[in-house]
Amino acid sequence: MKAIYGLYSDPDSAQHAVESLRRAGVADDSISVLASQPYEEYEFSHRYKQTWLFWIAAGGGALGLWLGLGLAYLTETRWPLVTGGMPIFAWWPNIIIMFELTMLGAIIATVVSLLVMTELPTIRCKVYDPEVSQGKILVAVENPADGEISTLERTLKGSGITEVRRVT
Amino acid sequence: MDLATERKINEDLLRPLRQTSVWFFLLIAGLGIIVLAGVGSWMYQIWNGLAVAGIRWPVFWAFYITNFVFWIGISHAGTLISAILRLVNATWRRPVTRCAEVITVFALMIGAMFPIIHLGRPWLFFWLIPYPSERQIWPNLRSPLAWDFFAISTYLTGSTLFLLLPLIPDFALLRDQMRGWRKRIYAVLALGWQGTTKQWHRLEAAMQIMAIAIVPVAVSVHTIVSFDFSMSSVPMWHSTVFGPYFVAGAIFSGIAALILAMAVLRKALHLEEYLHPVHFQNLGKLLLMMSLLWGYFTFAERLTTWYGNNSAEMAVFWETQTGAYSPLFWTMVFCNFVIPFPLLAIRRLRTITGTVIASSLIVVGMWLERFLIIVPSLATKHLPYAWGAYRPQPVEIMITVATFAAMVLLYALFAKAVPIISIWELKVGGHAQPVLTPEEQEEQRELWKARP
Amino acid sequence: MAVDLDRCTGCEACVTACRTENNIRIAGPEQSARGRAIAWIRVERYYEGDFPDVRVKFRPVMCQQCDAAPCEPVCPTYASHHTDEGLNAQVYNRCIGTRYCANACPYSVRFFNFGNPVWDRPLELPLNPDVSVREVGVVEKCTFCVQRINAGKEQAKAENRELQDGEIKPACVQSCPASALVFGDLNDAESEVSRLSRSSRGTKLLEDLGTLPKVTYLQRQF
């Protein structure tokens, strides 16, 4: 994949760079911002805030609940052994099993969805620079058209940065 | 945060991974020997049967179940600090979260070994797993031991994932900073993390969900462990307060273990700039609250028993109060309440040293508490002809000591492989130094005034 | 079962017979001192008063085969469960040795095999072939000699007749010289054990725990 990106030493410059790119006509989808921290206060972080993850976790929990109920009911009625004069299918002990499997369902659904949504682990080549973990913020334009590269370089440079790099 | 501070944090927190002293190897070797001795003892026990242990008729549960409940209790440290403090947005938790989560995961792994160690036929432990077997029979879901299996598996899965999720950005950092074969391993573990805004949002959302989910699981786990006792009619076991009692005791011992771990790490890894006295003070206040809560539950339990005057229960009561188990009982009261109370309540004594002393005593006291719940009741059941005395045997003592060694060993190896303070969470907090204690603020003010 | 405490002399013939019938392993003096002896039926001996006005009380205690047995719901592998006939069954093959049942039993009538059974030759010769030998790590207890119950039922079925009251006798009942132990069908209102269970002298052990034990103890008259 091709990309052109600039490394910025503070979030304000990065915000500046994103706005310059927008004014230059680059679509929001092509701009990626990579950082070693979330930087929640800055506007460039506000995309992608909406998420289905809470609903997926609830759905996973509901699935776990039904699995627990099914496991308890099927295994207890399949081989009905009397223990302690208790009924074969009693709600009190089975609620514990159902609760645990509900929570397990929610947890596993969350983690699996997280990995899927964030495309981790990744196979295809992605833009990255090790300077990001030293604190620099990377603002990239992915797959730019050939003719626009010099324009983009100028726009990225204009925000007072250390360097602009290309990935080919 | 400027780049210089970020680089300094990276350097400081990665130094334990880059530099290894000879003491580390000596520590690992020593602990490794103790752990191997413990494993050897267990093999000896499997070969010769439980006759080599001290358990007998009618005290069929003793050291191993004590250890089981104790370690599961210690595992509540992580849940409290990571999950609960995260949910209430307590920012001072940031340097402490990973220390706590690691305790949880390893304590759970160790605790979960004990149900297998204490079995009469441990090679058949997998019959507790609900799978379609050729015997055409499933586990008895009415048994508290089956509930234990579900609860501990869920909690172990949840805590491990809770530990691993925020590790991903730190693995990415390690991938960038390390060289050689370690770089390759961290690159695999980092799963290709870039740090895009979408990835950060999803990770934070997932952490929030996990924090909300793990708290009820943790409460249910130790409640279910307490149900192992309260579901039987053994005198002084059949108590309705056992659920909350055990959970409170678990959080109590968990915080104590966390304080000990933090104090050791602070000294050994030179983290004085990141783990401040205010952290120990805040945890010390929580520990004080749990000590009071523990004292309250113990008092309520014993008052109810004494007032009720049920003959079977009173036999157990007097055994612990004035009988054969009274030295252990009063030691426990001293260790859990009498000595920690002034150490933690008086601000001048609530220093790092003070909290460490209190925590060490509390860890001992809570182990004794588990022992005193289990053994005196079994030794003094309903029919006096069936009373018996318990003596621990070398096998049990060796395995107990080996689990403590295993905990320290696993922790040391983890701190060598992974930064023990969560680097990105610390940076998000905005500063390397957290809020100052009132004394430190006073000091700063004096220094500022003294300057011309 | 009914136990007449008036007749019991504390001779422990029942204990010996049970041990022989059910292949109970021998613990030896050292292990017994450490609490590993197994006795599916034991005679509890309580002394009251000071010399010379001492009174000795004997009470044979075996598994009470409770209808609301506290040992059954706590077993994670269904090794302890209730049969249709009302016995509390212990399935050795399912037992993984958690010993929860042994703790939950208020009568302390469940025993654990701390080691593999060893019989010095020739003591392995009188082992009962109808009863399995338990390996290390399983819990065992009195079964009311279920092997004799099954044998009696099969015999009656083969001969195409009903079981008679008193036809099946567990080893303890058979060997008691004072006929203090009585065994039979509680569902049969005319059987001797049913009559004794309705006796005014009848009590149950630890009745207030709610375990619904099936053994009736007939109190001493004096």
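Modeller: What follows describes the aromatic pairs, then the charges over rings, and then the cysteines. Please bear in mind that this is a predicted model. A search of the whole structure gives 41 aromatic pairs over all chains. One of them joins Tyr296(B) and Phe297(B), whose ring centres are 5.5 Å apart and whose planes meet at 40°. Because planes under 30 degrees apart count as stacked and those over 60 as edge-to-face, this pair is classed as tilted.

Arg135(B) lies over the face of Trp127(B), 3.7 Å from the ring centre. In chain C, the charged end of Arg99(C) is placed over the ring of Phe112(C), at 5.0 Å from its centre.

As for the cysteines, the count is 0 disulfides over all chains. Cys95(C) is in no disulfide, since its nearest cysteine sulfur, that of Cys101(C), is 6.3 Å away, and a disulfide requires sulfur atoms within 2.5 Å. Cys142(C) is likewise in no disulfide; the nearest cysteine sulfur belongs to Cys63(C), at 5.6 Å. Cys95(C) counts as buried, with 6% relative accessibility, and Cys142(C) is buried too, with a relative accessible area of 10%.

Definitions and conventions
Residues are numbered from 1 along each chain as its sequence is written. Chains are lettered from A and ligands numbered from 1 in the order in which they are written. This is a predicted model: local features need pLDDT of at least 70, side-chain atom pairs count only at pLDDT 80 or more; totals for chains, interfaces and linings use all residues. Side-chain values use heavy atoms; hydrogens and water are left out. Rings of Phe, Tyr and Trp (its six-membered ring) pair if their centres lie within 6.5 Å; planes under 30 degrees apart count as stacked, over 60 as edge-to-face and the rest as tilted. A charge sits over a ring if NZ of Lys or CZ of Arg is within 6 Å of the ring centre and within 35 degrees of the ring normal. Buried means under 20% relative accessible area, exposed over 50%, partly exposed in between (1.4 Å probe, protein chains only).
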